Amino acid sequence: MTSVPNGPWYTPLPACEATVPCGQGRHVVRWEAGELRLPSHSDPEAELVLAALGGEKARCVEIAQTWRRHLADLTVLAIGPRSAADPVEVSWDDVDAAAQASQGGWGVPRHGAMKLASPPTAAIARAVSRRMQYQQEAGQASQRRLDMLSLLALGTGFQVRLSGHVIAAHAGRLDEPDEHGHSIVPALKAALAGRLAPVAEQWLGIDPDQVEVSLHRDGGWGSVGLTGRGEQRRLRVSLPVWWLARVWACGLALTGRHLVVGVERAGWPDAQVLALRAPGTEPVSLSAHASAGPPGTPDAPHWEI
Amino acid sequence: MDREGAETYLRLLAEAAMRGSLMPAAEPGPPGTSRMMVVAHALTTVGALDPLVAEEILDDFRLAVSVRLLRSDPVQSPGQPVTAAQWISQGRAVPHRRPPAPRPPQDEPPEDDAVQSRPDRFVPVGLTVPFRAGVVSGELCLMSFAQTSSGARFIAAWEVSTPELESRLGRQHPGLIPFDLFTVTDDRGGRYQLDHTPGGDLEWPNEISLRPPPAEGIRWLDVAPPYRQPVRVDLRPPGGYGGAGSPPVRGVTGGSSPGGDAVQVSDIKLSPGEHLLVMLAERLLSWTPGFPHGGRPAGPPIGPWRAMAAGFGDIIAALEAADVLSPLSPVPARLATLCASLDLNGHGIAVPPTHDLPEPWLSLLAHYQRRKPDPAQMRDGYAALAASLPELDGIRLTLLGLQHTRGSSALHVLAQGQTPEPRPGPLDIDLSFPLSLWLRDSGGRWHAGRPDRCHRAGLESAIRLRLMPPLTRPADRVEVLAGGRSAEVRARLPLHWRYPS
């Protein structure tokens with residue numbers, strides 16, 4: 001049993017595995033303790049060097065690279081699953097079909113290099129430059145979508161864990177803009193709202209549209225309160241963004257009919273959590289015990305008080 | 001302005017749509033896309049949301065919805081199933097948050113410093129030049145002359161008649177207009193060419209360029225049709241330079257503004273959100289069809305207008321979230337009244353309607369609700385104008401002619417100044433003309449000016465405003481109401497109508 005107070009966010013998460021078509025067979029890709037591992041490839045770095053020299057790159061190795069590329073990509077939160085009732089099922093056949101389609105072009109005719117009878121004028125040069133830039137950008141967008149599809153094809157367990165990694169990459173830097181100077185808070189707030197609303201619905205039977213979420217940025221766990229009646233009913237929830245990684249991604253959000261608002265002592269399969277029985281009450285410390293997820297979702301832990 | 005609030009609102013709307021909370025509409029693409037696009041367009045139009053961020057959110061939303069449709073049951077799913085190949089090829093083909101694209105190329109104004117520094121000249125003309133060239137005959141009706149840093153031009157109407165082609169091409173098709181057969185000379189012997197405005201709209205032959213631009217001191221131009229006596233166009237402003245008709249705006253000659261109490265400027269203070277809602281309301285008002293079909297209503301707005309109206313509640317909430325619209329603003333209630341009056345249901349505006357509508361809106365609503373066509377049709381004609389209005393929101397507006405042709409009325413204006421970046425989108429907002437413009441005829445009826453054609457050159461936009469409803473009688477005096485965010489101008493203008501033979 002692992003039991004680490006204030007350990008990494010993924011401490012209450014068990015390892016998970018997926019099989020990936022790789023070469024002539026299917027290989028296991030494994031996530032464990034925050035790391036993606038490739039048991040069938042003893043030296044992925046060496047394989048990368050060989051691939052750079054013209055050899056074929058193994059799909060497992062490609063996936064590990066893709067995983068690393070998107071560990072802080074907020075788009076993962078926009079596309080990934082919001083709840084257990086929101087499965088995102090992508091097969092490797094889908095990935096192959098998408099890869100084939102993306103090689104077919106992006107609506108930009110792919111001609112060979114243009115032969116010029118005379119030196120290009122500035123206007124032609126600009127047009128060629130714009131075209132090349134567009135093709136380059138289109139290629140990057142294509143690769144990005146293919147990346148996303150490959151990551152989703154790893155299955156729910158990996159999708160949720162990747163979301164946790166993305167949250168962890170940003171949670172401590174809410175006031176820092178992204179590389180383009182934009183605030184990351186709206187994306188994180190929407191991610192929190194989109195994942196908390198279905199939990200609240202399950203917890204209280206409230207319409208998810210009546211859940212109002214804000215990011216708690218001060219000390220403490222936050223607040224949860226219920227106001228109004230009928231159509232004016234509102235569940236106002238303020239939680240730190242870490243909740244998404246430490247609680248939601250670890251499958252702890254709704255445990256034993258309690259809304260878990262924090263993890264006091266992280267661990268697998270036992271953890272100590274801070275949980276609310278009802279809105280407006282003070283959270284209580286509870287011991288939670290995990291078992292393997294229900295059939296069909298073995299990577300999703302099931303916690304009980 | 002709360003940019004973070006604006007982005008958060010759009011992202012939360014995407015989350016609601018992902019849950020299927022937004023009503024599935026009969027629309028292409030994932031359910032909720034139309035409403036999201038409408039809100040995104042509203043937020044980018046008021047400058048509360050970076051268009052690239054909006055595009056990124058919409059793109060992620062589409063990908064998120066459609067990836068869930070890879071395995072969907074077509075019976076149970078609100079959207080159409082998609083294949084992986086379709087998924088990978090949808091959305092925009094550019095990576096996220098690339099640097100902003102340069103502004104689309106426009107016709108550049110002349111770069112000659114002398115030309116740039118020359119004061120603008122606006123002169124009302126009001127002359128008809130009959131012509132005949134082979135089987136083509138007609139009249140060139142000169143409404144005004146305008147010379148600015150982007151060139152010289154006449155604002156004109158044409159009546160072209162040719163038995164063979166008239167029925168096929170229409171009476172004003174620019175292909176029928178023999179520009180090259182006209183000769184234009186000035187009082188110093190200089191010669192000029194008339195031409196369709198380069199970069200202009202072929203369906204809009206009202207702006208005729210004059211090349212080269214006349215020198216500053218030129219007093220008149222003789223416009224001569226083929227084999228006929230020229231018609232002299234006096235380029236001196238009414239009252240002479242610096243005289244009674246001299247302009248109120250520095251750097252302008254001619255283009256007199258109605259003096260005395262004929263112009264009233266009132267300060268108003270619309271927030272960016274209110275301004276957008278007013279523009280939307282006036283688009284709706286000026287789009288709504290009349291009732292020309294035997295007194296029967298031509299039908300409620302359809303298609304994108306209904307979709308736009310369905311997004312009003314979301315737009316208002318988004319503008320409030322972006323802190324560009326006060327919850328106490330009276331404009332949303334006015335919009336609700338407008339929707340109710342036009343039978344636009346499902347607008348989602350939370351506040352109740354109000355009876356407090358602007359007078360021009362009431363006038364136009366009364367016209368629509370009259371539910372019968374106007375009994376008389378006004379004769380085709382035009383009125384010369386060259387009136388510069390005081391600057392509104394950094395835009396100087398000069399009225400350059402009023403025209404009525406075959407049941408349709410148009411006001412020609414030139415807008416000079418820095419206008420916002422164009423933001424194409426579902427709201428059909430023309431940011432090259434971010435002002436309201438209304439015209440009240442001598443019978444007291446208001447007519448909305450809806451941008452119909454626009455030719456942009458540098459910091460100038462020549463715009464044809466279609467009047468809704470069209471004029472029904474040749475008013476000898478009109479009142480023009482131009483409104484921006486910070487002020488509105490009322491100008492009373494005398495009109496002298498002229499009629500082609």
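Where is Arg406(B) found in chain B? I looked this up in a predicted model. Arg406(B) sits in the loop between β13 (396-405) and β14 (408-416) of chain B.

**Backbone: positive phi**

I checked phi at Arg406(B) and found a positive value of about 45°, although the residue is not a glycine. I then looked at its surroundings: Arg406(B) has 10 C-beta neighbours inside 10 Å, so it counts as exposed.

I noted Tyr227(B) next, where phi is near 60°, a positive value in a residue other than glycine. I located Tyr227(B) in the loop between β7 and β8 (231-234) of chain B. Because Tyr227(B) has 9 C-beta neighbours inside 10 Å, I put it down as exposed. For reference, most residues other than glycine have a negative phi, and most peptide bonds are trans.

**Backbone: cis peptides**

I recorded a cis peptide bond between Arg211(B) and Pro212(B), with omega about -10°. Pro212(B) belongs to the loop between β6 (207-211) and β7 (220-224) of chain B.

I recorded another cis bond between Met468(B) and Pro469(B), where omega is about -10°. I placed Pro469(B) in the loop between β17 (460-468) and β18 (477-483) of chain B.

**Nonpolar core**

Which residues touch the most other members of the largest nonpolar core? I found Leu10(B), Leu43(B), Met143(B) and Ala318(B), in a core of 205 residues. The largest share of this core, 11 residues, comes from helix α7 (residues 185-204) of chain A.

I followed the contacts of Ala318(B), leaving out residues up to four places away in sequence. Ala318(B) touches Ala6(B), Tyr9(B), Leu10(B), Val39(B), Ala42(B) and Leu43(B).

Note on methods:
Residues are numbered from 1 along each chain as its sequence is written. Chains are lettered from A and ligands numbered from 1 in the order in which they are written. This is a predicted model: local features need pLDDT of at least 70, side-chain atom pairs count only at pLDDT 80 or more; totals for chains, interfaces and linings use all residues. A nonpolar core is a set of buried Ala, Val, Leu, Ile, Met, Phe, Trp, Tyr and Cys residues joined through C-beta atoms within 7 Å. A residue is buried if 20 or more other C-beta atoms lie within 10 Å of its own, exposed if 12 or fewer, and partly exposed in between; C-beta atoms are placed from the backbone. Helices (H or I, at least four residues) and strands (E, at least two) are DSSP runs, numbered from the N terminus. Two residues are in contact if their C-beta atoms, placed from the backbone, lie within 7 Å.
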